[in-house]
Every structure is written in structure tokens, then in C-alpha cells.
Amino acid sequence: MPGHKGSPLLGPEVLDITEIKGADYLFEAEGIIRQSEDLAAEIYGAGRTLFSTEGSSLSIKGMLACVRACLGPDAKIAAGRNCHRAFINGCILLGIDPVWIWPETHSDSICASHITPSDVEAVLKNSSVKAVYITSPDYLGNMADVSRIAEVCHRHGALLLVDNAHGAYLKFAGEGLHPLDCGADICCDSAHKTLPALTGASLLHISRSAPAGLADCAKAEMSLFASTSPSYVIIQSTERSISELSNGLAERIRSFCKEVSSSRERISLAGFTTVGDEPMKITVAPMSAGYTGNDLADELRKRGIEPEYSDSAYTVLMPSPYNKDGDLDKVIKAFEDIPRRYAVKDELPRLIRPERAMGLREAYFSGSERIPVDKAAGRICSRTALSCQPSVPVIAGGEVFDEKIIKILKSYSIFEADVVK
Ligand SMILES: Cc1ncc(COP(=O)(O)O)c(C=O)c1O
């Protein structure tokens, strides 16, 4: 194996080896893969870093399994409700029923990360929660106050787990931005989202101050959900991205973030509101300039710019130091060219708390049928209903549909729902 024997049908076949002698084994890494993981740990200041070739989707499941193995099956995990579907899938597989943390303060989008230290304090004060899971940065480029949340968690004897899928570059963008530097015990970074790594490359970091058990069981727990044939192309790509970091990329990220910041200022001067505090993202809230997020995305496409994400209220761009020279200028020019119009008004979908009838896993395996979402009121969700991107749950398995939820789902063009039979 592999059957292509290195023939360049697509191009990368020559790098696509398997576990031949000397190539090391991802899930029992003792040779060159372990050396690369250790180099990544050193660069990130982690106690242990593990590679995933199946994205943060695998790292998140591995992270949950590690915490489960260390804390035992009865320890409760609280999670910010703006989590990615990988977290929900991990919970279903592991039989975890999370205690949801609902933002106390106004949240202006389903995918916004407005979980605050006091939201976390409130959950920890009155419960036996032993681990807290948050998503930061979120899809819209909002960063949670991870340092203060870590302080709250540790004061209550709970671990802090962070989905930092969007923030692999944060370590190099400025001081104290990466979750490990803010006190997180364990976090995942999608190297493929913001570093020059192939799709599928992710890092699972365990902090130097985390309980030793987490690092000890991490490989075994990752392998529980992973393919036994990890992609060596992705491993090599991860390794290459890490070595780029020590060869000037870290400095390029820092200066590129300054360029992104001044591009945001120019976009604001052109009359478009920018939001979010993540240094390498550009999130525009264009309603005041007369566009929905989706309309603005179309305007940008007409000018040769492909946004990462858009919905009714926001358009998100994710540039990186690997953009071509002049790309940020092209973005600024596009915003200067797009005519401002009268403000549009639209009711934004907000996170609401559905009533809960059963657990995530029980609902998933209870037997399911697909029905038109218009007929779902009063029925129990079996498979978590999401907007396809950014995969944040509007209603989770075991929760009950009502008219408000149905309206939100339709606003995300979800017209069918899976319900318990
Ligand atoms: C917040 C968040 N977490 C996790 C993931 C999953 O990451 P990956 O695509 O690396 O599996 C994504 C993917 O978009 C995401 O946006």
C-alpha cells in the first residue's frame, strides 16, 4: 500500500507513504513524527502536542475522551452553546450530556462567542461540573476572555478546554492571545485554517500545567476515533508548517495582522462597519451600508473575492500571509467601489433555549424520522439541527422544536428536521 505506488496522478502521491520502516506511527509516535510533535509543543509552549490528520473534528473528540478518561464518567462537562458540531458528535459517541452555558448577555448571532467569565462562574457555582468547554475565536472573529475564564475554572477546580480551531496563528499574532498562554488546560488548533497546512491538519495541545493524566492518555484517546491509516501527506504538511514558523512565518504573521488591522480601518472609512477582535479576520456587518451579509458576499465575488462565510448579518473574510501581494488592497478597493445604500433592517436569529426532553445520545439512537420543519413543533430533535456553516446548533438532540426555533431554522434555509419517532 498505497496502490498508486507514487505515480503522480494528482501530484502529492509521491509524499503519500504508509507506516513503512523509519516513517514512525502517528498513534504510537516514537520516531520522526514524535520529534515533529515535540518541536510543535516547544514552539507553542505546550506540555505535549499531538498531530491530527482528520482536523480539529478529531482533536475535539480526542480532547473530550482524554478529559473523560482522566476525570471519570460521572464528571460533568459544561459547554458554551455556540459549539461546533464536532463537539456534539463527540458527546454523542462518548455518552456525555453537556451542561449548556447560555450567554447571559445579549448575543447578536447564533455563532457569536459571548460566553463571559460570569456566565462560567454561574455554572460552576452551583454544580458538580469538572470541565468547561468554550469556542474561541468564534466564526465571526470574536475572542472570549480566556484568561479570566481560566481563572474562574481553576478556582472551582475545573479544567478549561478550548476549541481554538480558528486560532492556530494566535500564538504568533501577539502576546497572550493563544489559549495555552491564557491558562487553557487543553485546546485544539486547526493548522489548515490559518497556517499553510493542508486541509485536515490539526494540533491538539495539552498545557504544561494540566494534570499529567491528560497527556498520558491522549494518543490512545485520539486513536479511538481516528483512521488507522492517517495521511502522511498531511503529517508532512503539518511538519512543514511548523518549521515555517521557526523560519520567519511567526514574524510574518505578526506583521500581516497589522496589515489586516489597517485594512479593517480602511473598510470602516469606506462606510462598512467591521466587528470582532480576532487579528487575522475581517468581519463586516453591512446592514447599515444597505446590504445583508449574503448580498455583500455576492458583491465581493463579482470583484474576484471569495468570502469564508456570510449570513443575513455578516460577511467574513479570512486572509493569511500566503495571500498574494496586493490581495488586501483589492479587498479595500472592492469596499470603496461597492455603493453605500439605505440601511437594511432584518431580524437577526438569536440563540434561544429550547426545552430539553432527553439526552443527546439517547435522542440520537432512539430511532429517527425526517419531516418538514414546519411540522416539527412539539417533536423532539433526534439529530442536532445546524446551519450547514458554521455548524453551530440551533437545536440539539433531545430538545423540543417550537415555532421560534422553526423560524430560525428556516432563516438558515433548513426546511427538514430529524425527529425522534
Ligand atoms: C469553531 C470550529 N471548531 C471546529 C471545527 C472543525 O475543524 P476541522 O475542520 O479542522 O475539523 C470548525 C470547522 O470549521 C470550526 O469552525
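Ala, Val, Leu, Ile, Met, Phe, Trp, Tyr, Cys and Pro count here as nonpolar, Asp, Glu, Lys and Arg as charged, and the others, Gly among them, as polar. The legends below describe a predicted model.

**View 1. Domain layout of the chain.** The chain is divided into domain 1 (12-244), domain 2 (255-337) and domain 3 (360-420). Between the C-alpha centres of domain 2 and domain 3 the separation is 32 Å.

**View 2. The largest cavity and its lining.** Three cavities of 30 Å³ or more are present in the structure. The largest cavity holds about 50 Å³ of space. Its lining consists of D97, P98, W100, R356, M358, G359, L360, A396, G397 and E399. By class, this lining of the largest cavity splits into five nonpolar, two polar and three charged residues. Domain 1 (12-244) and domain 3 (360-420) each supply at least three residues to the lining of the largest cavity.

**View 3. Helix α9 against helix α11.** Two packed helices are described by the angle between their axes and the distance between the axes. Here, helix α9 spans residues 232-269 and helix α11 spans residues 327-337. Their axes come within 9 Å and cross at roughly 10 degrees. Angles under 35 degrees count as roughly parallel, so α9 is roughly parallel to α11.

**View 4. Side by side: the residues of the α9 and α11 contact.** From α9, the contact takes in F256, E259, V260, S263, R266 and I267. These meet L328, V331, I332, F335 and E336 in α11. The residues of the contact of α9 with α11 comprise seven nonpolar, one polar and three charged.

**View 5. Cis peptide bond at P2.** Most residues other than glycine have a negative phi, and most peptide bonds are trans. M1 and P2 are joined by a cis peptide bond, with omega at about -5 degrees. P2 belongs to the segment before α1 (32-44).

**View 6. Positive phi at D24.** D24 is also placed in the segment before α1. The phi of D24 is near 70 degrees, a positive value in a residue other than glycine.

**View 7. Cis peptide bond at P137.** S136 and P137 are linked by a cis peptide bond, and omega is about 0 degrees. P137 sits in the loop between β4 (129-135) and α5 (146-155).

How values were computed. Residues are numbered from 1 along each chain as its sequence is written. This is a predicted model: local features need pLDDT of at least 70, side-chain atom pairs count only at pLDDT 80 or more; totals for chains, interfaces and linings use all residues. Side-chain values use heavy atoms; hydrogens and water are left out. Axes are lines fitted to C-alpha atoms, for helices over the stretch in contact, and angles run from 0 to 180 degrees between N-to-C directions. Helices (H or I, at least four residues) and strands (E, at least two) are DSSP runs, numbered from the N terminus. Angles under 35 degrees count as roughly parallel, over 145 as roughly antiparallel, 65 to 115 as roughly perpendicular and the rest as oblique. Contact means heavy atoms within 4.5 Å. On a 1 Å grid over the protein atoms alone, a cavity is a set of points where a 1.4 Å probe fits but cannot get out, and a pocket is an open set with protein on both sides within 12 Å along at least five of seven lines; lining residues have an atom within 4 Å of a point. Grid points are joined across faces, edges and corners, and a volume is the space filled by probe spheres set on the points. Domain bounds come from an automatic or database domain assignment.
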